[in-house]
Amino acid sequence: MNTLPSQATPPAVVDRRIEKTVPLITPLALHDELPLSNALAEAVVAQRQAVADVLNGTDDRLLVVVGPCSVHDAKAALEYAERLKPIAERLSDGLLVVMRVYFEKPRSTLGWKGLINDPDLDGSGDVNKGLRTARALLLEVLAQGLPVGCEFLDPITPQYIADTVGWGAIGARTVESQVHRQLSSGLSMPIGMKNRPDGSIGTAVDAIKAAAVPHVFTGIDHDGAPAILHTRGNPDCHLVLRGSDAGPNYDADSVAGAQELLRKAGVAERVVIDASHGNSRKDHRRQPEVAAEIGEQVASGNNAVVGVMLESFLVEGRQDLDPTSELTYGQSITDACMGWDTTEATLTNLRDAVLARRSTDA
Ligand SMILES: O=C[C@H](O)[C@H](O)COP(=O)(O)O
Ligand SMILES: C=C(OP(=O)(O)O)C(=O)O
């Protein structure tokens, strides 16, 4: 459906490159359709507090954000959640497991932008369907008893799903953006700020400082009406080291360097390390060894390492989105992921590292 510009605006100057506009469901309508029950809302509040406790060191476990690079098939993501839940429970003496349920993909140039943007995987861009599918899946994962982690990319979509999210990320490509820092200052959950793709950690530290304080910016309210949002500031933002185009930054010296930057900036010295992306040089087979090295730092007593991120799915590797062939069930269509067996072993090693750190601290 095309909308018309205001009578007062000469058509020659408006929307010259907008092909069409389609009405977007309001946040309220989506929440009414797919409500978060009181019981699940209480769970989300508790999950966010649990994440904050790990970040603040009042809980000595490791936060582990693990799951597919992106969700393209809700059924496979739910099967992943069903498998993850018992492992998360078994390892809960050392790990706080959050399932990575990523719906928004920031692209370096072009590519599929995630399930919210394009749920039919064909460029048709049915965002209303994407939001419905995403929210329904988030509710199902929560019902499994797992906290969820999402990247926030589009500044409007949080109004539709953020009530279900226990941990969020601002990605490497947007961490310098004022829009994303302002957004983070108003989000209700802890937010990980990733180092920039070129390796700049200072930019993520700046983002942590910027998001910690109140901001005023424009957005939409729950009714979908344009609104001026006044935020309170988010004290739970933290650094995520994800390596860079030039190579990894998970080694002990890089972590010490990052701690120094955080200390100088006057923010908490806590670091989550992403074992994928630049840290695995985008080779999923390296993630277990990266996680093992992170585990060694943890086991040797480094309390600044508070979390690990892993990209993992039912089937290892990745596949191209090719309209002429069937997709392999449970395999990533964005970055390559570890497979299920490797994931379970990697999580177990990380738990053992936490137990070793605990015995060193005792
Ligand atoms: O995590 C996912 C990707 O690394 C990110 O979306 C960038 O992907 P691209 O470089 O293939 O666009
Ligand atoms: C895009 C991602 O990571 P990064 O921002 O570190 O590239 C991601 O985790 O999906």
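# Helix contacts, burial and ligand shells

Colleague: Which residues of α9 and α10 meet?

Modeller: In this predicted model, α9 contributes Pro-288, Ala-291, Ala-292, Gly-295, Val-298 and Ala-299. Their partners in α10 are Thr-342, Thr-346, Asn-349, Leu-350, Ala-353, Val-354, Ala-356 and Arg-357. By class, the residues of this contact are 9 nonpolar, 4 polar and 1 charged.

Colleague: Why are α9 and α10 called roughly parallel to each other?

Modeller: The angle between helix α9 (residues 287-299) and helix α10 (residues 340-361) is about 10°, and their axes are 8 Å apart. Angles under 35 degrees count as roughly parallel, and α9 and α10 are therefore roughly parallel to each other.

Colleague: What makes α2 and α4 roughly perpendicular?

Modeller: Helix α2 (residues 38-56) and helix α4 (residues 127-143) cross at roughly 75°, and their axes come within 10 Å. The range for roughly perpendicular is 65 to 115 degrees, so α2 and α4 are placed in that class. Leu-40, Ala-43 and Val-44 of α2 make the contact with Leu-139, Leu-142 and Ala-143 of α4. The contact of α2 with α4 has 6 nonpolar residues, no polar and no charged ones.

Colleague: How do you know whether His-277 is buried or exposed?

Modeller: By counting C-beta neighbours: His-277 has 25 of them inside 10 Å. The cut-off for buried is 20 or more, so His-277 counts as buried. His-277 sits in the loop between β9 and α9.

Colleague: Which backbone angle of His-277 is positive although it is not a glycine?

Modeller: Phi, at about 50°. Most residues other than glycine have a negative phi. Arg-281 also has a positive phi, near 50°, and Arg-281 too is in the loop between β9 and α9.

Colleague: Why is Arg-281 called partly exposed?

Modeller: Arg-281 has 13 other C-beta atoms within 10 Å. Exposed means 12 or fewer and buried 20 or more, so Arg-281 falls in between and is partly exposed.

Colleague: And what makes Val-267 partly exposed?

Modeller: Val-267 has 17 C-beta neighbours inside 10 Å. That count lies between the limits of 12 and 20, so Val-267 is partly exposed. Val-267 is in the loop between α8 (252-265) and β9 (271-274). Beyond its neighbours within four places in sequence, Val-267 is in contact with Val-205, Ile-208, Lys-209 and Leu-262.

Colleague: What makes α6 mostly covered?

Modeller: Of the 9 residues in helix α6 (residues 178-186), 7 are buried. They are His-180, Arg-181, Gln-182, Leu-183, Ser-184, Ser-185 and Gly-186.

Colleague: Which members of the largest nonpolar core touch the most others?

Modeller: Val-64, Leu-239 and Val-308, in a core of 88 residues. Apart from residues up to four places away in sequence, Val-64 touches Leu-95, Val-97, Val-98, Gly-307, Val-308, Leu-310, Leu-347 and Leu-350. In soluble globular proteins, nonpolar side chains tend to be buried together.

Colleague: Which residues are around ligand 1?

Modeller: Cys-69, Lys-105, Pro-106, Arg-107, Ser-108, Gly-111, His-277, Thr-334 and Asp-335. The shell of ligand 1 divides into 2 nonpolar, 4 polar and 3 charged residues.

Colleague: What surrounds ligand 2?

Modeller: Cys-69, Tyr-102, Pro-106, Glu-151, Gly-171, Ala-172, Arg-173, Lys-194, Arg-242 and His-277. The shell of ligand 2 has 4 nonpolar, 2 polar and 4 charged residues. The buried His-277 is thus listed for ligand 1 and for ligand 2.

Technical notes
Residues numbered from 1 in each chain as written. Chains lettered and ligands numbered in written order. Predicted model: local features only at pLDDT ≥ 70, side-chain atom pairs only at ≥ 80, totals over all residues. Axes fitted to C-alpha atoms, helices over the stretch in contact; angles between N-to-C directions. Helix = DSSP H or I, 4+ residues; strand = E, 2+ residues; numbered from the N terminus. Parallel < 35°, antiparallel > 145°, perpendicular 65-115°, else oblique. Contact = placed C-beta atoms within 7 Å. Nonpolar A, V, L, I, M, F, W, Y, C, P; charged D, E, K, R; others polar. Near = placed C-beta within 6 Å. Core = buried A, V, L, I, M, F, W, Y, C linked by C-beta atoms within 7 Å.
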